[in-house]
Amino acid sequence: MALIMIVMAFIAIYHKSLQVAVIASGIISLFASVIYIFLAAPDVAITEASIGSALTVVIFFYVLNKIRRIDDKK
Amino acid sequence: MIRNSILLLIIAGLAFIFYHELSAYHGNDGLNETANYYATKGLSEVGAANLVTSVVVTYRGLDTLGEVTILFLTAAILALMFKTSHSQKETQKRITSELLITASNVLLPVIFLVGIYIFINGHLTPGGGFQGGAVLASAMVLMLLSISGRKIKHAVLDFIEAISGIAFVLLGILGIFLAGGFLDNSIFSLGTFGELFSAGAIPVIYSFIGLKVGAELSNIILVLNQTQNVEK
Amino acid sequence: MKYFSVEYISIFAGFILLLIGLWGIISQKNILKIIISFSIIDTSIHLILVSVGYIKNRTAPIIDGPVTRADAAQQVTDPVPQALVLTAIVIGVGITALMLSYALKLYEKNKSLEIDKYKSLKW
């Protein structure tokens, strides 16, 4: 699981497409929340799963969408 | 390229330091003094089954207040920055599929109920105000996706946020007069351990925190959504 | 084996993620990539903090069922780092939203996300 997280981090930094990078950073948060369950921290796991991997990705996608619209208008 | 190699050298140095720290670390075998106090005295003083909740709401309640203030500032700055584009009219509606509308009509009350359950039971089970607020905000995202045409009133969210913030601070100040200090939870009776209305003011305070966090996060999302709808 | 327990693996993963995020902040040129690196660093620091608070063979700090009231101090993990990380995650999403909106404003003004194009703050 830690290996998957590290590979995802490399994808998040070095991938050309921004959408793929954002989703990779969301997957990092998701696996981190699974690790929190193993570390006996259910509170933190719920928070990380709902905020880190859902809301952050949604906010990123809103901004990407907006940037694409500005490109279209230009 | 010489700049990059210097940076790589710095990163390698940090990695060496981290490796050193990791090899010196040998795991905990007991609670330290503060945590021990919270674990032993927390039950009789606070009465919450979830020790994390008792630390967040009661012992470190002032930090939580500051944290909620930071979220409020974020929402306010976002609203200020994107204020100018609000006056224009939304010209065209995005067409939403029938499937999404039906599914969200079924799912929305359930998601709201789950969020409210999470933050009311924050002192008994894992969960609490922040998690419940985040669940409420994700319900808001679903609502924005499914019904693109309908306007969601900013004023309602602002009202909820202001009322819950004021109630949070008022409950804290009430703690100074009726109990030991700011945000002390024993202004109500502690009740029997393990029931819903136990642990003094913790369920009330945590519900207000949940409402406030949910309103603020959905305010942030709403502002971003509205600005992207306007720029067509 | 000492190094194959849960807390060592998670601390190790946290350190590696922190280094990757730092490298991303320094080396990337795109502003959105830098913000993504910031959120990776956020996650890694939360991981390290929670795993420092973990104690072997103990359960979550909720007094319920197998954990009895009397010897709670012998059976639960450290609740303080968990409470800390709980607030830190929520603050992290606020900071991320703020950075993203500033990036958006910059893009509206200058039509570019490359950080090399912004000369006005260079000295």
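## A covered helix in chain B

In this predicted model, helix H3 of chain B, spanning residues 51-59, is mostly covered, with 8 of its 9 residues buried. The buried positions in H3(B) are Leu51(B), Val52(B), Thr53(B), Ser54(B), Val55(B), Val56(B), Val57(B) and Thr58(B). One of these, Val56(B), is also among the residues that touch the most other members of the largest nonpolar core.

## Chain B as a whole

Chain B contains 8 helices and 0 strands, and its pattern along the sequence reads α-α-α-α-α-α-α-α. Of its 232 residues, 47% are buried. When contacts in chain B between residues at least 6 apart in sequence are considered, 71% of them join residues at least 24 apart.

## Nonpolar cores

The largest nonpolar core has 91 residues. The members that touch the most others are Leu55(A) and Ile59(A) from chain A, Val56(B), Phe130(B), Ile209(B) and Leu217(B) from chain B, and Leu32(C) from chain C. For Leu217(B), setting aside neighbours within four places in sequence, the contacts are Leu71(B), Ala134(B) and Ala137(B) in chain B, together with Leu55(A) and Val93(C).

Another core, of 12 residues, lies apart from the largest one. Its members include Phe18(B), Tyr8(C), Leu18(C) and Trp23(C).

## The aromatic pair

How many aromatic pairs does a search of the whole structure find over all chains? The search finds 1, formed by Phe18(B) and Phe15(C). Their ring centres are 4.3 Å apart and their planes lie at 0°; the pair is therefore stacked, as plane angles under 30 degrees count as such.

The pair crosses between chains: Phe18(B) belongs to helix H1 (residues 2-24) of chain B, and Phe15(C) to helix H1 (residues 6-27) of chain C. Both Phe18(B) and Phe15(C) are buried, and Phe18(B) is also one of the members of the 12-residue core.

## A nonpolar surface patch

Which residues form a nonpolar patch on the surface? The patch consists of Ile166(B), Val169(B), Leu170(B), Ile173(B), Ile176(B) and Phe177(B), and together these have about 570 Å² of accessible area. Ile166(B) is located in helix H7 of chain B, which covers residues 154-178.

Definitions and conventions:
Residues are numbered from 1 along each chain as its sequence is written. Chains are lettered from A and ligands numbered from 1 in the order in which they are written. This is a predicted model: local features need pLDDT of at least 70, side-chain atom pairs count only at pLDDT 80 or more; totals for chains, interfaces and linings use all residues. Side-chain values use heavy atoms; hydrogens and water are left out. A nonpolar core is a set of buried Ala, Val, Leu, Ile, Met, Phe, Trp, Tyr and Cys residues joined through side-chain atoms within 4.5 Å. Buried means under 20% relative accessible area, exposed over 50%, partly exposed in between (1.4 Å probe, protein chains only). Contact means heavy atoms within 4.5 Å. Patches are made of residues with over 30% relative accessible area and no salt bridge: like charges are joined within 9 Å, nonpolar side chains (Val, Leu, Ile, Met, Phe, Trp, Tyr) within 5 Å. Accessible areas come from the Shrake-Rupley method with a 1.4 Å probe; for residues, only the protein chains shown count as cover. A salt bridge is a side-chain nitrogen of Lys or Arg within 4 Å of a carboxyl oxygen of Asp or Glu. Helices (H or I, at least four residues) and strands (E, at least two) are DSSP runs, numbered from the N terminus. Rings of Phe, Tyr and Trp (its six-membered ring) pair if their centres lie within 6.5 Å; planes under 30 degrees apart count as stacked, over 60 as edge-to-face and the rest as tilted.
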